[in-house]
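Hi,

Here is the structure I promised to pass on to you. Have a look at it first, and then read my notes below with the picture open beside you.

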Amino acid sequence: MEGSPVRQDGGIDAVMEAWSERPMSSLVRARLEIPVEEARTARTARTLSREADRALEQLGIERLYTHQAEAVDHVLEGRNVVVATPTASGKSLCYQLPIIEQLAHEPDATALLIFPTKALEHDQGKELGTLVQGARIDAALAAYDGDATSDARRLARSRARIVLTNPDMLHMGVLPHHTSWSSFLAGLKIIVIDELHQYRGVFGSHFANVLRRLGRVLDFHGARPVWLASSATIRNPKEMAETLVGRAFELVSRSGAPSGKKSVYFMTPPLVNPVAGVRGSYMHLAARAAHDLVRAGLQTLVFAGSRRAVEVLLRYVRERVRGDGLEPEAVQGYRGGYLPALRRRIEDGLKQGSLRCVIATNALELGVDIGSLDAVVLAGYPGSVASTWQRIGRAGRRRAPSLAALVCSASPLDQFIVEHADYLSGAPPERGLLNPDNLEILLEHIKCAAFELAFEPGEGYGGLQPEETGEVMDHLAKQGLVHATAGRHMWVADEFPGASVNLRSIGSEPFVITDATVSSVIGEVDGRNALRMLHEQAVYQHAGLPYIVEKLDIDRRRATVREVEPEYYTQPVVSSSISPIDVIDRTAYGQVDVHLGEVRIIERITGFKKIRFGSHENLGYGDVDLPETKMEAFSVWIDLSRGGMERISGTLDVDPVSSVWVAEALEGLGSLTRHIAALRLMCDPHDLVPSLSLDGADPSEETRPAIFIHEAHPGGVGLVEKLYEQIMEISIDALDALARCPCTSGCPSCVGPPEREDTARKRTVRAILEFMAPDVH
């Protein structure tokens with residue numbers, strides 16, 4: 001392991017100097033310089049109360065930034081508003097001031113604040129509590145979440161005028177027991193949804209239904225609150241807020257906040273094999289960058305893409321800092337699954353400066369106050385431009401100069417970003433997508449809604465018309481879950497339907513993980529990932545420690561693990577098949593057919609690989625015996641006409657009779673397309689799953705291979721529909737990615753490595769894309 005060339009305690013200048021020289025300079029593909037922004041201020045149209053003035057005096061604020069004043073004016077005039085400005089622009093004050101105004105003027109007024117994470121909720125609770133106290137308002141504030149004691153929960157229900165919670169507790173703790181919250185709900189004047197852009201995909205689709213249920217309950221209690229949402233910079237914050245809440249919103253998107261100078265480096269691992277396009281480990285490069293920053297005396301936050309990546313990077317960085325005389329405990333991990341007390345201790349360590357480096361998942365991406373950080377390292381592209389800027393914005397939050405490094409992996413999406421650094425500085429390309437009317441999600445929540453309040457005759461729900469809602473109620477009545485009287489449907493079953501609803505998945509309960517050594521629960525994994533992560537003999541990482549899975553009980557949804565010290569981690573080997581059920585639309589692009597429709601997927605995990613830590617060498621395989629899973633989802637699929645196959649075969653000198661070369665190319669096209677699409681659709685590449693079918697898409701036609709790209713969840717959240725609409729733009733970006741990739745026949749950074757030395761994989765993918773975008777090449 002090489003040492004760091006950075007001068008110890010040399011600061012940002014020492015790091016920039018070292019990174020401008022070899023060997024690091026050869027790994028830096030681009031650098032963005034974000035200039036200093038001066039503040040723009042304004043006054044609100046309405047004179048604020050003395051209480052609000054006291055709160056501002058406590059913060060040392062004489063004038064609001066322009067976006068703050070604009071947002072406050074909207075709320076005080078009774079208009080719903082979404083604020084979409086950069087990280088550290090002071091969005092919190094946009095809702096804190098209106099809350100103080102309402103509490104000051106109306107003694108019975110209450111406010112509800114909803115946060116996506118407990119860490120953010122606790123942090124904002126402290127900040128708002130201090131402001132309320134400084135404003136000299138008699139208003140109890142309470143956090144209502146899984147960490148709250150029974151006494152704190154009673155306080156929230158009976159005395160609190162400000163309640164901070166999260167979607168899960170709103171779903172499980174408030175709505176089913178809304179009669180216990182009647183006084184609070186009847187006085188509700190403001191509802192805040194912080195970090196709106198987090199509520200996309202499956203989670204957002206569930207949350208929209210939770211808010212639909214909240215709307216029914218508020219109508220019952222006679223409340224008409226104003227809604228205020230905050231969001232990172234995305235293309236459609238207004239549309240997303242209106243879809244999520246089901247109400248009209250005003251948009252505030254031009255920030256008046258100042259910001260310090262920021263240097264953003266784009267790095268990629270070195271090419272180990274230029275011909276094959278194989279690159280070194282981006283995890284090692286991220287650890288090396290973090291070590292340079294810590295060595296220079298810069299307090300650093302490293303973002304990793306998964307819990308497993310956090311634990312691997314924690315191990316790598318600790319090994320490196322030992323040589324500088326720094327205690328390994330000065331470097332900590334932070335992720336979901338850690339106990340609340342440990343998370344608070346790590347947050348405090350960052351604020352106080354006792355921790356020099358923290359490696360975290362997106363749990364620290366959001367606006368938790370962790371003090372003045374000097375630098376941020378992103379180990380891999382986070383999957384969206386919005387998340388990238390939010391993470392980069394965690395450094396230099398006190399307007400001081402700061403440094404950020406985006407260390408890109410070899411994936412096609414990461415390589416596209418590292419070669420298009422200006423993509424991050426232009427207009428936001430991403431749309432936050434959700435589908436509240438996903439049938440599986442909607443049916444789960446309509447049961448919860450019936451449990452909370454009876455459905456009246458002629459009442460609709462979400463996207464269902466009254467007649468359709470009535471049909472659903474009749475179906476539930478036949479199951480013995482509701483009782484119908486004169487068209488009114490009341491819940492009569494004993495069980496609470498919300499207990500089986502996981503807001504982060506569709507139709508799948510989580511698996512509990514138990515440590516056999518101490519017979520205690522150490523974590524859980526959602527049901528859809530459980531077979532992949534918790535099959536017997538899998539290595540499961542938790543809190544920096546590896547565990548081996550000894551037993552997986554699928555019926556009881558429980559895995560038993562034991563702490564070990566292996567030299568490897570595991571990856572599942574998955575076998576799948578896919579076939580169309582229904583074709584919704586079809587478009588011909590020259591010799592290429594693109595379809596949109598519904599498909600059936602059958603999947604089975606047949607084994608696993610053992611991958612050595614550090615070198616990522618494959619140490620062997622293991623077998624598992626697990627049941628197959630079935631799912632129906634929406635999909636786009638692409639196939640090549642016989643004429644197109646013959647035309648390409650003549651150009652590339654491949655066998656026109658054999659379809660093997662087409663299958664290999666389509667497989668590469670699927671991999672490249674899903675990564676490029678993820679950038680435009682603001683989703684994780686894993687939300688889109690490519691599947692090759694050698695049997696063809698239409699049994700009535702001559703068999704020809706097809707590549708399917710389907711959503712990872714049953715019913716979907718609208719991703720493939722947008723993929724189908726934007727297939728031309730995505731094809732153009734994919735062509736550009738192929739042109740920039742230095743490999744000759746295909747590699748992990750574009751269409752995947754070739755299976756044979758003489759393959760025409762990369763050239764065939766290019767030819768197919770040129771059929772789809774003929775005016776580009």
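In this predicted model, an open sheet of 7 strands runs in the order β1-β11-β18-β17-β14-β16-β15, and its pairing is mixed. At the edges you will find β1 (28-34) and β15 (331-334), each of which pairs on one side only. On average, neighbouring strands of this sheet are turned by 15° against each other, with direction ignored. As a reminder, strands of a sheet pair through backbone hydrogen bonds, either parallel or antiparallel.

Helix α11 (residues 282-295) lies across β11 (262-267), β14 (300-303), β16 (357-360), β17 and β18, and runs at about 175° to β17. Helix α15 (residues 412-419) lies across β1, β11 and β18, running at about 130° to β11.

Finally, please turn to helix α23 (residues 761-772). At 1.5 Å a residue, its 12 residues should span 16 Å, and the end C-alpha atoms are 17 Å apart, which agrees. Among the buried residues of α23 are R761 and K762, along with V765, I768, L769 and F771.

Happy exploring!

Key: Residues are numbered from 1 along each chain as its sequence is written. This is a predicted model: local features need pLDDT of at least 70, side-chain atom pairs count only at pLDDT 80 or more; totals for chains, interfaces and linings use all residues. Side-chain values use heavy atoms; hydrogens and water are left out. Two strands pair if DSSP finds at least two bridges between them. Helices (H or I, at least four residues) and strands (E, at least two) are DSSP runs, numbered from the N terminus. Axes are lines fitted to C-alpha atoms, for helices over the stretch in contact, and angles run from 0 to 180 degrees between N-to-C directions. Contact means heavy atoms within 4.5 Å. The expected span of a helix is 1.5 Å times one less than its number of residues. Buried means under 20% relative accessible area, exposed over 50%, partly exposed in between (1.4 Å probe, protein chains only).
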